[in-house]
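Please open the structure in your viewer, with the sequence panel beside it, and follow the selections below in order.

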Amino acid sequence: MRLDRYLCELNIGSRSQVREFVRKGLVSVNGQVVRSADQKIAEQKDQVAFQGKTLTYQRYVYYMLNKPRGVVSATQDNTAGTVVELLAPEGRKDLFPMGRLDKDTEGLLILTNDGELTHRLLSPKRHVDKTYEVTVVHALSAEDIQRLEQGVDIGEDRLTLPAKVDAVSENILHLTIQEGKYHQVKRMLQAVGNQVTALKRIRFGGVDLDDGLEAGEYRPLTSQEEERLRADRNETGY
Ligand code: URA
């Protein structure tokens, strides 16, 4: 990998900034100051330092994004902005969203370059908990809640898997599901004669949306959050 790309990926600066840092002699490779940002480095082997501090290259990275409404959960789209474009343009180029949220859904979306973990967590067999804050048109009855919890017919071969419902108010619920079928939450509420007016994901696989993040903002996952994501268990156990 070229030295300027390596430094960008570690968020040392933008492409032009890191080239300037190299020109100024602030970067060394294996103890030698280098003057060319085009130099190739072996990111797992070479020891790169910036202003005397050794850098550690991370093969895999994980970011938590508070997805705003109106952007698409994809790496490319011809008609709308994508979640990947929300991350600093000079950063890593190999990120993709861990699953999808509808264009009009907001909230927690993890962006990563770890295809293996993504594949594992999104596998239908895996049953990762996802919690949504759901705002609905009609007040939910105790019977609606019971039906959602037991499983409803959304036009698939089988009923939805048991879900967990926490009523926040008459028209707002926290719904935890383990599947990820197309428009699943909207279809589940439709199945009980209701309609979703706002949808926000607040939890994914043991990781909570950081309420300090405004819509469109992101931050790296902490190492504890990464561990929770990897943990091979279903925390809710309902
Ligand atoms: N269910 C939906 O209906 N939409 C989403 O974006 C996520 C879950």
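Begin by colouring the lining of the largest pocket by residue class: 14 of its residues are nonpolar, 9 polar and 8 charged, where Ala, Val, Leu, Ile, Met, Phe, Trp, Tyr, Cys and Pro count as nonpolar, Asp, Glu, Lys and Arg as charged, and the others, Gly among them, as polar. What you see is a predicted model, in which local features need pLDDT of at least 70 and side-chain atom pairs count only at pLDDT 80 or more, while totals for chains, interfaces and linings use all residues. Residues are numbered from 1 along each chain as its sequence is written, and side-chain values use heavy atoms, with hydrogens and water left out.

Next, select Arg100, Glu179, Gly180, Lys181 and Tyr182, which lie nearest the centre of the largest pocket among its 31 lining residues. A pocket here is an open set of points, on a 1 Å grid over the protein atoms alone, where a 1.4 Å probe fits, with protein on both sides within 12 Å along at least five of seven lines, and lining residues have an atom within 4 Å of a point. The volume of the largest pocket is about 690 Å³. Its lining takes at least three residues from each of domain 2 (60-123 + 209-238) and domain 3 (129-204), with bounds from an automatic or database domain assignment.

Now show the ligand together with Leu101, Asp102, Thr105, Tyr132, His183, Gln184, Val185, Lys186 and Leu199, which surround the ligand, each having a heavy atom within 4 Å of it. Which backbone atoms make polar contacts, meaning pairs of N or O atoms within 3.5 Å? A backbone N or O atom of Gln184 is 3.4 Å from a ligand oxygen, one of Val185 is 3.1 Å from a ligand nitrogen, and a polar backbone atom of Lys186 is 3.1 Å from a ligand oxygen. The protein buries 95% of the 240 Å² that the ligand exposes when taken alone, by the Shrake-Rupley method with a 1.4 Å probe.

Finally, move to the second largest pocket, with about 190 Å³ of space, and select its lining, including Glu9, Tyr60, Pro220 and Glu226. This lining divides into 7 nonpolar, 3 polar and 2 charged residues, and draws at least three from each of domain 1 (3-54) and domain 2 (60-123 + 209-238).

Conventions:
Grid points are joined across faces, edges and corners, and a volume is the space filled by probe spheres set on the points. A polar contact is a pair of N or O atoms within 3.5 Å; within protein, one must be able to donate a hydrogen and the other to accept it, and residues adjacent in sequence count only if both atoms are side-chain atoms.
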